[in-house]
Amino acid sequence: MSALDDIVRGVREDVAARRARTPEAAVRERALARGAGRDCVPLLRGGPGVRVIAEVKRASPSRGPLAGIPDPAALAADYAAGGAAAISVLTEGRRFGGSLADLAAVSARVDVPVLRKDFVVEPYQVWEARAYGAEMVLLIVAALGRAQLAEFVALAREAGLTPLVEVHDEAEAGRAVAAGATVIGVNARDLTTLEVERGTFARVAPHIPEGLVRIAESGVRGPDDVAAHVRAGADAVLVGESLVTHGSPRTAVTELLSTPHAQDPAAG
C-alpha cells in the first residue's frame with residue numbers, strides 16, 4: 001500500500017465518523033448559508049511578482065512533528081502581515097495533526113482567502129470546506145478517478161469554492177486541464193514515496209496552458225527556490241515546512257518575496 005493509499009483509507013474512516021455525527025445535508029446547508037467565496041484566480045495572479053500561499057502545518061508524514069502551533073489563527077495573521085496572498089490550512093488529523101477547528105479559526109481571523117488542504121475524496125469534505133470558512137479547496141488528481149475529478153471540480157464551484165487541482169506529472173496536468181481546472185498546483189512531493197523531486201515544477205509547468213494559475217508546491221526552502229519557480233512560470237508558491245519552522249513566520253514570508261525574480265518575473 002502506498003503512502004497515499006494509507007492516508008486516504010484513514011481519511012475515509014474519519015469522514016464516515018463525522019458524517020455519522022452530522023449528516024451531509026446539514027453541512028451542505030451551513031455551507032450554502034455562507035454564500036459563495038471570492039473567485040481566487042485574480043487574487044493569485046494579479047499584478048507583477050509571485051504570490052505566497054503560507055501553510056498552517058503541524059506535522060508531515062515525511063518529517064513527523066514540525067511545530068506545536070498553539071494558536072493557528074495568530075500564525076495565519078502573521079503570515080498575512082508578512083504579505084501572504086492566501087493561507088493554506090491542513091485539516092487531515094492522523095498524519096498532519098490538523099483539524100476543521102484550525103480551518104474555522106483561521107478563516108475567522110484573516111481577510112485573505114483560506115485553502116482547505118486535505119485529501120478530499122468525498123463530497124462531504126467539499127461542503128465542509130465552505131461550511132468552515134474556506135474559499136479554496138485542494139483536489140488531488142492522484143486521489144480521484146478521471147470522472148470523479150471533473151465532478152469534484154464542478155461540486156467545489158457549486159459550494160462557492162475555487163478548486164486548486166494538484167498534479168504531480170504531465171499526464172495528471174492534462175487531466176486537470178480536461179476537468180476544467182483554472183488553478184493548478186504542481187506538487188514536487190511524490191505521494192507514493194513522499195520524496196521531493198525539485199525539478200518537477202519546471203518539467204510539468206509547460207504542460208499547463210497560459211491563462212491558468214500555476215502554483216509550485218513542496219520543497220520551497222527560501223527565496224532562491226521561489227525565484228527558480230518564478231522563472232519556470234509559477235504565479236504562486238505554496239510553502240509550509242520552511243515557514244512553520246522559522247523563528248519569525250511574518251519575516252519568513254517577507255523573505256520569500258524579497259528577491260528580484262520573486263518581485264518581477266520579467267527581471268533578469
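Modeller: Helix α4 passes helix α5 in a right-handed crossing, where right-handed means that the near helix is turned clockwise from the far one by less than a right angle, and left-handed means anticlockwise. This is a predicted model, in which local features need pLDDT of at least 70 and side-chain atom pairs count only at pLDDT 80 or more, while totals for chains, interfaces and linings use all residues. Residues are numbered from 1 along each chain as its sequence is written, and side-chain values use heavy atoms, leaving out hydrogens and water.

To find the pair, look for α4 at residues 72–82 and α5 at residues 100–109; helices here are DSSP runs (H or I, at least four residues), numbered from the N terminus. Their axes come within 8 Å and cross at roughly 45°. Each axis is a line fitted to C-alpha atoms over the stretch in contact, with angles from 0 to 180 degrees between N-to-C directions. The two helices are therefore oblique to each other, the word for angles that are not roughly parallel (under 35 degrees), roughly antiparallel (over 145) or roughly perpendicular (65 to 115).

Now for the residues that touch. On the α4 side are Pro72, Ala73, Ala74, Ala76 and Ala77, which meet Asp102, Ala105, Val106 and Arg109 of α5; contact means heavy atoms within 4.5 Å. The residues of this α4–α5 contact divide into 7 nonpolar, no polar and 2 charged. In that count, Ala, Val, Leu, Ile, Met, Phe, Trp, Tyr, Cys and Pro are nonpolar, Asp, Glu, Lys and Arg are charged, and the others, Gly among them, are polar.

Elsewhere, α6 passes α7 in a right-handed crossing.
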